[in-house]
Amino acid sequence: MSSTIAVIGSTGKTGRRVADLLDERGHAVRRLARGTSPAFDWQHPEGWPQALQGVERLYAAFVPDLAVAGSDVAIARLIEVARDAGVRRIVLLSGRREAGALRCEDLLLASGIPATVVRSSWFTQNFTEGMLRDAASSGVLALPAGEVREPFIDVDDLAAVAVEALTGEGHEGRVFEVTGPQSLSFAEIASLLSEINGREVVYLPVTFDEFHAAVAAEEGPEVATMLTELCREVLDGRNEPTTTGVYEVLGRPARDVRTVLTEAAAVGARA
Ligand SMILES: NC(=O)c1ccc[n+]([C@@H]2O[C@H](COP(=O)([O-])OP(=O)(O)OC[C@H]3O[C@@H](n4cnc5c(N)ncnc54)[C@H](OP(=O)(O)O)[C@@H]3O)[C@@H](O)[C@H]2O)c1
């Protein structure tokens with residue numbers, strides 16, 4: 001019996017870390033993304049059976065986001081391909097309190113395949129290696145977030161939780177809701193980035209329409225609409241509370257934003 005663990009999104013923020021941790025612990029890992037061999041492309045389901053052939057466990061980070069229309073169709077199809085391939089455990093990365101994400105979580109948890117959901121808050125690494133990196137380095141974080149606070153999580157913590165869900169026992173049917181240890185406003189994050197990087201970053205609260213126009217100019221209208229709708233749905237305070245998910249799974253506290261940003265700055269300075 002194969003014990004290969006496949007990681008979908010293996011070149012991304014979470015998948016790379018999940019695959020690296022599995023490698024370090026001696027597991028057989030199949031890294032999957034559009035440029036791997038075999039490849040995995042969410043837009044081309046005809047390639048999924050080959051990508052999952054001989055796989056026993058699976059980590060899936062869906063792009064662009066489980067909140068978008070049609071994500072449930074893709075996840076339902078992935079479950080069927082995984083079932084046919086003999087996959088015996090699936091760990092799905094999800095976002096907090098998004099209607100589309102909840103539909104996908106429910107599909108997975110009702111699939112009959114042993115499964116665990118890792119439901120995460122915003123990543124601290126969005127500011128250092130993700131969609132807000134350029135904004136952070138330009139000095140202006142323009143977001144339709146008002147005064148809302150977010151318990152930003154370290155993606156290394158998230159990856160460690162996902163690896164435990166993939167390789168530990170007794171996690172089937174569970175939803176691990178994970179956050180960082182404290183909720184910060186975007187103004188507070190901007191001030192931390194300024195202090196740590198020695199370059200001023202300001203938070204500029206904008207309207208949803210202003211945000212849409214700015215993203216559309218850079219990324220096109222489709223991405224702008226997706227991100228604006230996502231922000232409209234979740235940036236209303238519903239996700240402000242922290243959870244103890246990281247502690248419950250790993251037996252240690254989640255790492256705080258200052259520590260994570262300081263480490264990232266040190267690595268950036270050495271690079
Ligand atoms: N950012 C946050 O704060 C946050 C919070 C909670 C949940 N999430 C969830 O995190 C997920 C994204 O995970 P991530 O941040 O680890 O990834 P990421 O850093 O955004 O990278 C995307 C990954 O997906 C791959 N990819 C891109 N387009 C693809 C396609 N059409 N088919 C197959 N693979 C594709 C990329 O590889 P290639 O380009 O090499 O193919 C890469 O490995 C989303 O579902 C998002 O909702 C994010």
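A polar side-chain atom of R34 lies 2.6 Å from an oxygen atom of the ligand, which is a polar contact (a pair of N or O atoms within 3.5 Å). This is a predicted model, in which local features need pLDDT of at least 70 and side-chain atom pairs count only at pLDDT 80 or more, while totals for chains, interfaces and linings use all residues. Residues are numbered from 1 along each chain as its sequence is written, and side-chain values use heavy atoms, with hydrogens and water left out.

**Around the ligand**

- Of the 24 residues around the ligand, T11, T14, R34, F62 and D65 come nearest; a residue belongs to this group if one of its heavy atoms lies within 4 Å of the ligand.
- T11 has a side-chain N or O atom 2.7 Å from an oxygen atom of the ligand.
- W42 takes part through its backbone: a polar atom there is 2.8 Å from a nitrogen atom of the ligand.

**How helices pack**

Two packed helices are described by the angle between their axes and the distance between the axes. Axes are lines fitted to C-alpha atoms, for helices over the stretch in contact, and angles run from 0 to 180 degrees between N-to-C directions. Helices (H or I, at least four residues) and strands (E, at least two) are DSSP runs, numbered from the N terminus.

- Helix α8 (residues 208-219) and helix α9 (residues 221-234) have axes that come within 7 Å and cross at roughly 150°. That makes α8 roughly antiparallel to α9; angles under 35 degrees count as roughly parallel, over 145 as roughly antiparallel, 65 to 115 as roughly perpendicular and the rest as oblique.
- The α8 and α9 crossing is right-handed; a crossing is right-handed if the near helix is turned clockwise from the far one by less than a right angle, and left-handed if anticlockwise.
- The contact of α8 with α9 divides into nine nonpolar, three polar and two charged residues. Here Ala, Val, Leu, Ile, Met, Phe, Trp, Tyr, Cys and Pro count as nonpolar, Asp, Glu, Lys and Arg as charged, and the others, Gly among them, as polar.
- For helix α3 (residues 71-85) and helix α4 (residues 99-109), the axes come within 9 Å and cross at roughly 20°. That makes α3 roughly parallel to α4, and α3 passes α4 in a right-handed crossing.
- The α3 side of that contact is made by S71, D72, I75, A76 and I79, and the α4 side by G100, R103, C104, L107 and L108. By class, six of these residues are nonpolar, two polar and two charged.
- Helix α1 (residues 13-24) and helix α6 (residues 155-167) pack at about 55°, with their axes 9 Å apart. The two helices α1 and α6 are therefore oblique to each other, and their crossing is right-handed.

**Backbone details to look for**

Most residues other than glycine have a negative phi, and most peptide bonds are trans.

- S37 and P38 are joined by a cis peptide bond, with omega about 0°; P38 sits in the loop between β2 (29-32) and α2 (48-52).
- Another cis peptide bond runs from V63 to P64, with omega near 5°, and P64 is in the loop between β3 (55-60) and α3.
- R97 has a positive phi, near 50°, and its place is in the loop between β4 (89-95) and α4.

Definitions and conventions
Polar contact = N/O pair within 3.5 Å; in protein donor to acceptor, adjacent residues only side chain to side chain. Contact = heavy atoms within 4.5 Å.
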